[in-house]
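Have the sequence and the model open as you read.

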Amino acid sequence: MVFKISDCKILKTVIKQNSEIIDYGVRMVGAPLEWCETMGEGIKVGIVDTGIDANHIDLKNRIGDYVNFSSGKSDDITDENGHGTHVAGIVCAEKNGVGVVGVAPKADLYIAKAFDKDGKTTYHAIEKSLNWMISKRVDVINMSFSSDISTREYKNLISKIHANGISMICAAGNEGLAGDNTIGYPANFRETIAVTAVDIHRKITDFSSMGGQAEIAAAGKNIYSTYPNNGYATLSGTSMATPIITGAAAILHGKCLLRYGRKLTPTELRLLLNIYTDKLGEKGRDKRYGYGLFSFGRFENTDYVYSDPASAVSSLNVSAGGGDRFKCAYDLMMKMQ
């Protein structure tokens with residue numbers, strides 16, 4: 001079996017970004033509302049992808065550990081494709097005054113390079129990568145890849161990850177033009193969280209896969225993030241929406257750790273993610289948006305570039321603030337169990 005990362009559209013690349021930018025996708029999810037309490041400190045985020053630019057100014061301090069299963073050089077995680085570096089930046093690019101800022105800028109990355117420069121891999125490499133994540137005791141894994149391949153072996157592997165208390169956030173796929181039931185695997189497995197992509201107007205993109213397994217939506221069109229050679233790029237795809245939710249998961253884990261002295265189970269994380277959504281589409285679970293667009297809260301000014309998280313919150317007109325919303329959502333979740 002041969003797997004490929006979800007096709008994504010590269011719109012623009014930038015060699016250098018001196019000023020610090022918080023992309024609209026990070027703002028749409030309301031991440032800056034949470035940064036006064038946590039930026040994801042102490043949370044381990046696994047990324048199975050094409051590697052990472054380990055020397056990137058926005059990423060080099062966020063890497064906890066890494067391995068390469070795409071070739072014979074286990075310590076070579078060089079990203080010759082760009083996809084993995086872009087995804088990593090969306091999750092947790094550092095807030096350091098330059099470049100971009102990710103959703104959870106102090107989370108720790110655990111990088112498994114499973115895909116080669118052409119974005120291809122084998123099931124064997126994916127299996128090794130996911131088992132490595134178990135050994136590293138990561139809290140959440142980002143899987144920005146999708147295919148129509150499902151086997152009993154694959155399903156059992158996903159079930160094993162879930163049984164080990166690890167949440168899996170997966171790209172729905174970019175087959176939206178092919179119909180309304182096009183979500184691929186691993187997003188289509190019941191243990192995973194399938195992410196669809198919307199644009200800046202909170203509308204489903206034409207490329208986003210849809211279907212009954214769609215669970216949650218995030219921005220995935222024209223997303224600006226890190227790129228190899230210390231650069232930056234604008235890409236589109238459900239691959240870009242997925243790490244926004246992964247970063248949000250790191251924030252939720254961080255909040256639970258601070259307030260309750262523990263991290264969330266996959267079931268608890270799923271419930272919290274769904275409770276935090278702003279409903280879009282049909283009543284109940286929509287084929288395009290799932291339970292809705294995830295958000296910690298909303299800003300009225302969508303073009304503001306933050307220099308300090310505390311001043312950002314005080315200087316904007318904020319609705320549905322993160323702190324009280326988390327307590328209400330957590331209490332509701334506990335009653336539902």
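At what angle do the axes of helix α3 and helix α4 cross?

## α3 and α4

The axes of α3 (residues 123-135) and α4 (residues 152-163) cross at roughly 15° and come within 10 Å. That makes α3 roughly parallel to α4 (the label for angles under 35 degrees). The crossing is left-handed, meaning the near helix is turned anticlockwise from the far one by less than a right angle.

On the α3 side, the contact (heavy atoms within 4.5 Å) uses Tyr-123, Glu-127, Leu-130, Asn-131 and Ile-134. From α4 come Glu-153, Tyr-154, Leu-157, Ile-158, Lys-160 and Ile-161. By class, that's seven nonpolar, one polar and three charged residues.

## α5 and α6

Next up are α5 (residues 238-260) and α6 (residues 266-275), which pack at about 110° with axes 11 Å apart. α5 and α6 are therefore roughly perpendicular to each other (65 to 115 degrees). Here α5 passes α6 in a right-handed crossing.

Ile-245, Ala-249, Leu-252 and His-253 of α5 touch Leu-269, Leu-272 and Leu-273 of α6. This contact has six nonpolar residues, one polar and no charged ones.

## About the model

The model is predicted, so to speak of local features takes pLDDT of at least 70, side-chain atom pairs count only at pLDDT 80 or more, and totals for chains, interfaces and linings use all residues. Residues are numbered from 1 along each chain as its sequence is written, and side-chain values use heavy atoms, with hydrogens and water left out.

Terms used. Axes fitted to C-alpha atoms, helices over the stretch in contact; angles between N-to-C directions. Helix = DSSP H or I, 4+ residues; strand = E, 2+ residues; numbered from the N terminus. Parallel < 35°, antiparallel > 145°, perpendicular 65-115°, else oblique. Nonpolar A, V, L, I, M, F, W, Y, C, P; charged D, E, K, R; others polar.
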